[in-house]
Amino acid sequence: MIELAEVSKVYRRGPEEILALQEVDLEIASGEFVAITGKSGCGKSTLLHLIGGLEPASRGTVRLDGRDLARLREPELTRFRRDRVGVVFQSFNLLPLLTLLENVALPRVLQGASFEEARVEAGRWLREVGLEGRLNHRPHQVSGGEMQRAAIARALINSPAVVLADEPTGNLDSVTAAQVLELFSRLHREFMKTVVLVSHAPEVGNYASRVIRMQDGRLLP
Amino acid sequence: MKPWLFRLPLAHLRQNPGRTLLGILGIALGTAVYLSISLAGATALKSFENGVTAVSGQAQWRLQGVGAPLNEALYPVVRRQAAVKAAAPVVESVLELAGPHRGPVLLLGIDPFSERAFRDYELSRAGDLSDAAWLDFLTRPDAVLLSRPLAARLHLKAGDPLPVLVGAKKRRLRVAGVFSSPSGLYPLDGAVMLMDLGPAQELLDRLGGLDYIDLMAAGDEALLPGDLQKLLPPGVEMVRPAAQGSRAQGLVASYRLNLAVLSAIALFVGMFLIYQSVTLSVVRRRREIGLLRTLGLTPGQVLTLFLAEGLVSGLLGGLIGLALGVGLAQGVLAVMTRNLTSLYMPVAAQAVLVQGGLLLQAWGLAVAATLVAALLPAREAARTQVRAVWHREELEEKIEARAGLIFGWGLVALILAGVGANWKMGDGPPWPGFVAAFLILLAFALFTPLAARLLGLGLQPVLGRRLGAAGDLGCRYLAGSLSRSAVSIAALACALGMLIAVTVMIGSFRRTVNDWVSRSISGDIFFGPAVFSTAAYDQFLPPEVAPELRLDPDVADIYLYRCVRLPFRDRYILVIGGSFEVLARHGGLWFRQGDTREIMGRVGEGGQGTGVRGQGPAAPFTNSPKLPSPTPYEEENVGAGLKPAPTEAPIKLAASSSFNQKPKTKNQKPFVVISEPLAETFHYKEGDTITLPTPSGPREVRVAGVFYDYRTDGPSIWMDIGLFRRYWQDTHLNAVRLYLKDPGKVPEVQARLQERYGDRYRLLALSHRDLRQGILNIFDETFALTYALEGVAVVVAVFGIITTFLVLVMERERELALLQAIGASRRQILGMVLVESGLASFLSFILGAACGSVLSLLLILVINKQAFGWTIHLYLTPGIYWQSLVLVMALGLAAAAYPAWRAIQPHLAAILKEE
């Protein structure tokens, strides 16, 4: 269960204050697939970052399974991000140094698993997302869609409670974007993960169980 | 090309101030070191040349003896010749000031009435001198004229006393007046004084002798040697005055060359910084390059832009380096003049002569170095196709793929270095050796990419298991970031290699010298005048001292020592007369083949007297100045005039018995032993015959043995002192060695000598241990400059390491943020950065140690042998390897500390900003 109560986020740039989120209240139940849509700059990515513990709220509380993220210290927050949250980014963010297999295995290794064990699991997840033929390729050797699928596999390998996806189709063509959204939908169905997906594209609503629209840092009714 | 396009490289330099600054500083330090050495060397030599020019004045030719004074009777004979327009007799010696101001001062004994044609000193009454000063100068035996700069420096005026040391004797001179040189040129940077010829001969104990006679031809000066040839007795050579300068230059050429080459190392290491900086720039600006190419920029223009970026660092770094170099040069000059004076010849230079040519040369070198360093990455940028301007990953793949090939080029460089090391090129500087040294550095730099990759991949499983993700990722980053880290590792390895090589060389050299002192120099006490330079050959032991020492009840044996420097072909060599019989009894000299006692025995049986038979054309008179013998020794048998000690058996002094025999057969040539540098320089070996110029004409001597010798003031020929005295007609002694009956009494005898002679003379009685320590102190001071140069190279390399890790972390900011986003802890990220930097530092050490070991062999076996003719025995110095390891690990980890600290700061903002 994700709960946001009167959450605001303010960014400061010099003397200027930018209000990215304004007193947002939101509840997302476990196993839900929520799509957050809105125009660029409406605050949807900020909302996602607060849910994932990637940055703190300026005001209000963010709770995941009853735990207030603001009360977690850095090591606990690190563990929280590592064990409870999987993140998928618009620009894939795979480490160029590592192969796809190693990229996917990395969160498990960071969690303390042995490399052998992590590689086996990573292979399984890569096959799950249809990349069995690309295990030992480096990121720049595969297509954008393949990179994003590898990033999804990486987000899932630690069996997180929540998968957060920030514009996962933003860098993809429409056909590939549809394939990636279909993959999210399938994974949500098969593994019962809570998925929060942010996108400016309205068609993501076709894959989600609930669509939330945002404008100027507020949720639209 | 539009000038405003150059705003791009400038903007990038401004955008990365830290990296830019380190690159500029690296070049600046390299330039400063190079310039300071060049300026100091040129100033010291210019000062010496000024002295030669000032002393030789208008002289066209000079008559001089071969390591002996000329007979003054030659002067009127020469002057009367029609072919001679003017002649001026001179005696000279470098004395030491004994008053509150110390330091060497050149005394020129001149005939004031012959001088005016030659030197522009204002000596006449119409010049600076008052009538009283002039009268004083001509009539008082202690009167001297001081040069204007010396008088100003010492704050002396006419009538003031001037205490000096003439050898061991303290003498009190009196200032009669001050002279000046309108040209502004003075020997020894102005530390010069004039004395009338007669009193000067008396002061210097050279009655009847002259050091040289300057000549001016009445007609064609080229014909003068032919006109005078028949008049000249054997042992007199006629040379151009400038020959003295060029021979002196030859003496210090290797010293200067070695410093110049070492000083260039810092600049070489600085080139790595520029290479790295421009490479990083190419990688970081790949999109910009692609865009510019798309917009129509030609490959040539891309090349120009990147070269311009390197050039800015070169120009600015060079300029800063010039300022730093001029400042540093003053300190370097002080060390250098001390070294040159104590080892080679008196040199005095107070202020650095800033020569525009050398500034331009250093600046040009800095700019050229940066352009060469920037050329490779700039060419890559220019050659890259529009759509495929390097991505980091592509560049990495390219280097990974080429690592083997690059390693192969390294092997080729190493093989070429081997060829260069074995290439002998006449008698000039050891250029092939220096090229070989550069190739060795290059080879190990080229080994770096493959070595880094193998080390990273090889340790990845081990460190991955031991340290988890930090170990695994650290290894991967080392193996997978060659474009960034390999250059820094190579730069540090090169600097470290040079440091290790020079340290091993110096350490081996020091131990060799230490062994040489033990094996070559026998004796319990070394007794002679306290001189400021090993090259003060005209500073003598007072004549009564040796006979008195012989009566000392604790003295078992006395070794007599006399040394002269003489021109031999285009060089100066030393001829040393020593008591070989004493060496035969006590040992001494370390021969490269054979045993000292056996060789000394052979020399003794060789019919030393053979050399006295006449050689060369008959001369109207001999060149023997008939100097009064300062000792009671007879010339033919030094020991003959001595009385045995009253309570002891007669003490055998040098040059007695077989050592002074008349020739056994007419054709026998006397034996000598020669130093290894002489053998190497002139290609002599055991059994060869040398035609030696002597005051009694050229003499043929045979080489009985070649011994190791590490004195710096020239290659040497040693002969028994009896033979020396016959050839040179010279009974002075520079020093003696005492062999005590009970070596445990050294302090007691030292104290007695001090008590006996301390009031009268300034003599020094050194124990063997004192002598060894003195030699090693001079040795250490000589090499202090070398260590300083290498230290700068290491500092420059550390700049490279700091830049690398800073850039590595900055470039990976997003990757590090990502790692944090997917759950990496601070400790894991910190560990990863430190593992990578630790491995990079360790690899620098491994490559540097290997490179340094190979280089040290080259320095010891090739470069030193070719440059100085010295055999240095290799002694491993494990200490430097451990010290280097600790140093490089500490520096590497410290250099990574700030970037590592940056790395563990929450970086999520960076990735979020991107998203």
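Residues are numbered from 1 along each chain as its sequence is written, and chains are lettered from A and ligands numbered from 1 in the order in which they are written. Since this is a predicted model, local features need pLDDT of at least 70 and side-chain atom pairs count only at pLDDT 80 or more, whereas totals for chains, interfaces and linings use all residues.

Chain A has six helices and ten strands; helices (H or I, at least four residues) and strands (E, at least two) are DSSP runs, numbered from the N terminus. Of its 221 residues, 50% are buried. A residue is buried if 20 or more other C-beta atoms lie within 10 Å of its own, exposed if 12 or fewer, and partly exposed in between, with C-beta atoms placed from the backbone. Chain B holds 27 helices and 20 strands, and 54% of its 915 residues are buried. Two residues are in contact if their C-beta atoms, placed from the backbone, lie within 7 Å. Among contacts with a separation of 6 or more, residues 24 or more positions apart account for 71% in chain A and for 85% in chain B.

Chain A contains an open sheet of four strands in the order S2-S1-S4-S5, with antiparallel pairing; two strands pair if DSSP finds at least two bridges between them. Its edge strands, S2 (16-28) and S5 (67-68), each pair on one side only. Strand S1 (residues 2-13) of chain A is joined to S2(A) by nine bridges, and Lys9(A) stands opposite Leu21(A) in S2(A).

Helix H3 (residues 100-111) of chain A is mostly covered, with eleven of its twelve residues buried. Among them are Leu100(A), Glu102(A), Arg108(A) and Leu110(A). The cover includes helices H2 (74-84), H4 (115-128) and H5 (144-156) of chain A, together with H15 and helix H25 (826-868) of chain B. After H3(A) comes Gly112(A), which has a positive phi near 115°.

Not counting residues up to four places away in sequence, Ile440(B) touches Leu414(B), Ala417(B), Cys851(B), Val854(B), Leu855(B) and Leu858(B).

The pLDDT, the predictor's confidence in each residue from 0 to 100, has a mean of 79 in chain B, and 83% of the residues of chain B reach 70 or more. Among the elements of chain B, H27(B) has the lowest mean pLDDT (54) and helix H7 (residues 197-203) of chain B the highest (93). Over residues 386-390 of chain B the pLDDT stays under 50. Where pLDDT is low, the predicted coordinates should not be read in detail. The model scores ipTM 0.71 and pTM 0.69.
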